[in-house]
Amino acid sequence: MSATKYIFVTGGVASSLGKGVISSSLGKLLQARGFNITIQKFDPYINIDPGTLNPYEHGECYVTDDGKETDLDLGHYERFTGIRTTAYSNYTTGRIYQSVIDKERRGDYLGKTIQVIPHITDEIKRSMLFQGKRSHFDFVITEIGGTVGDIESQPFLEAIRQLKWELGNDALCVHLTYVPYLAAAGELKTKPTQHSVKELQSLGIQPDVLVLRTEHELNNSLRRKVANFCNVAPTAVFQSKDQPTIYEVPLRMQEQGLDAEILRQFGMPIGETPGLGPWRSFLERRHKATEELCIALVGKYDLQDAYKSILESLSQAGTYNDRKIKTRFVNSEKLTPDNIAKELKGTDGMVICPGFGQRGIEGKIIAARYGRENDIPTFGICLGMQMMVIEFARNVLGLEDANSVEMNPATKHNVIDLMECQKNVTNMGGTMRLGGYPCILREGSRVRAIYAQEEIRERHRHRYEFNNEYINRYEAAGMQCTGVNPDTKLVEIVEIPDLNWYIGTQFHPEYSSTVLKPHPLFLDFIKAAIKYHTK
């Protein structure tokens, strides 16, 4: 068995250049050549994980099947490649330091003075190599969050410097930088890239491959200039120009030979270029889909990344239904019974979004009622499902003060409540019901027909649950509990069969929708929205 190859992806000049998309694209291209790959992310912030971060700070919190709250880039990794990331796919400075401090408290270091070098860097290196050693991947792609020059990134870059020496020909560095266009001068400027590479070199790391992020075409002369100034072979300089969709990026990288250059530098046979047939078919359908479908996102975070996986799942489902999805954010904080019709006018369906806390929930309840009473295709996810449950209790069951104990601990009708095992939890981070759990679908239900199987497994991220004491009252009034956890009997799915499409899920189906395997619930929801649109 040949040794695992390690690819480190770093970024310079500015954040948000798309390291996650480049890492995912490279993973996809190597995977298409028959290699067994995984991708992992190391983030420099001190939080243990993104679970306690405000979505405005960090976008959505992505959850792995084994129950780890992680960076949203892991969603890109899974959507592009179909791999399943794990708790070992995302580390933060906080998690690294916590591990070292725990070892120190146990006496593992035998009285030594604990320092950034070697103890923190050794822990980073151990974590970077762990998946390759445990699962014997052909390639492990490691993305480093942040930007070269950030003070908090230095231990990670030092760990990479050491690993490049230790691993020799089994490791290389891909550096993503930005080439800005100065409109006043009418020129593309390579100086920021040169400075970024010089900063990396000053830390002892020579990048092997450069990917230049740009809004304008970079000619060969400019790329040769970058190669000369940055000590990189001309064949190892690639451009990542803005694309109509991030799903074009693997094709653009393949056309330039990024994967072939990686194999060449590792001294591996290159072979034939994969056709990427299913991927190209997806993109072809996407480009041909010109008829628009408008879906409302009812939530409180007016930030694209806060609902990243939902947006991508809707987009994928739209493509497979030959529709172009246009989403409209509807701020639930501003929704009232008087303006709801105006806010949803022209939409073909709505997603009542997940979230936490009191802010904006009454607007979600108003949206749930409007969707139910006007038979608009309505998809409630996690907190969205709970708002559908509360709305039904208040306006159909006549329980006017029905609520979740999260919002009103003194409510008489706690239709959403805490499980016993959650009642004494004091820490916020990592203590919810997290990750994949089984669910049995009732025969004859809408969701059973959608999934076309009896047992499913979906990912969770929540603390509060449907209160089973109310099940009989709900079902007698028309809201059916059609998905139940076989072990705990907790309700996972509610639906109203008499309506066109009115389904709420306690889990997050968006986490497991990928480019080549879109989620069945999103596919069926878009089908229902198409029917509603053509009525």
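Author: We take the sheets in turn, then a pair of helices. This is a predicted model: local features need pLDDT of at least 70, side-chain atom pairs count only at pLDDT 80 or more, and totals for chains, interfaces and linings use all residues. Residues are numbered from 1 along each chain as its sequence is written, and side-chain values use heavy atoms, with hydrogens and water left out.

Reader: How do strands of a sheet pair?

Author: They pair through backbone hydrogen bonds, either parallel or antiparallel. Helices (H or I, at least four residues) and strands (E, at least two) are DSSP runs, numbered from the N terminus. Two strands pair if DSSP finds at least two bridges between them.

Reader: What is the order of the open sheet of seven strands?

Author: The order is E5-E2-E6-E1-E7-E10-E11, and the pairing is parallel. Strand E5 (90-92) and strand E11 (237-241) stand at the edges with a single partner strand each, so one side of each has no neighbour in the sheet. Neighbouring strands here are turned by 20 degrees against each other on average, direction ignored.

Reader: Which strands does E2 pair with, and through which residues?

Author: Take E5 to begin with. Strand E2 (residues 37-43) runs parallel to E5, joined by three bridges. Asp43 has Thr92 in E5 as its bridge partner, and Phe42 has Tyr91 in E5. Strand E6 (residues 139-144) also pairs with E2 in the parallel sense, over six bridges. There, Gln40 has Thr142 as its partner in E6.

Reader: Is E2 buried or exposed?

Author: Buried means under 20% relative accessible area, exposed over 50%, partly exposed in between (1.4 Å probe, protein chains only). Seven of the seven residues of E2 are buried, so E2 is largely enclosed by the rest of the structure. Ile37, Ile39, Lys41 and Asp43 are buried on one side, and Thr38, Gln40 and Phe42 on the other.

Reader: Which helix lies across E2 and E5?

Author: Helix H4 (residues 93-106) does, running at about 75 degrees to E5. Angles run from 0 to 180 degrees between N-to-C directions, and axes are lines fitted to C-alpha atoms, for helices over the stretch in contact. Contact means heavy atoms within 4.5 Å.

Reader: What is the order in the open sheet of nine strands?

Author: Read E13-E12-E14-E15-E23-E22-E21-E18-E19, with mixed pairing. Strand E13 (324-331) and strand E19 (455-462) are the edge strands, each pairing on one side only. The twist averages 30 degrees from one strand to the next. Within this sheet, strand E15 (residues 378-381) and strand E23 (residues 502-505) pair in the parallel sense over four bridges. Gly380 stands opposite Gly504 in E23. Helix H14 (residues 361-373) packs on the sheet, touching strand E12 (292-299), strand E14 (349-352), E15 and E23.

Reader: How are two packed helices described?

Author: By the angle between their axes and the distance between the axes. Helix H9 (residues 249-256) and helix H11 (residues 277-288) pack at an angle of about 125 degrees, with axes 11 Å apart. H9 and H11 are therefore oblique to each other. Angles under 35 degrees count as roughly parallel, over 145 as roughly antiparallel, 65 to 115 as roughly perpendicular and the rest as oblique.

Reader: Which residues meet?

Author: Pro250, Leu251 and Gln254 in H9 meet Trp279, Arg280 and Leu283 in H11.
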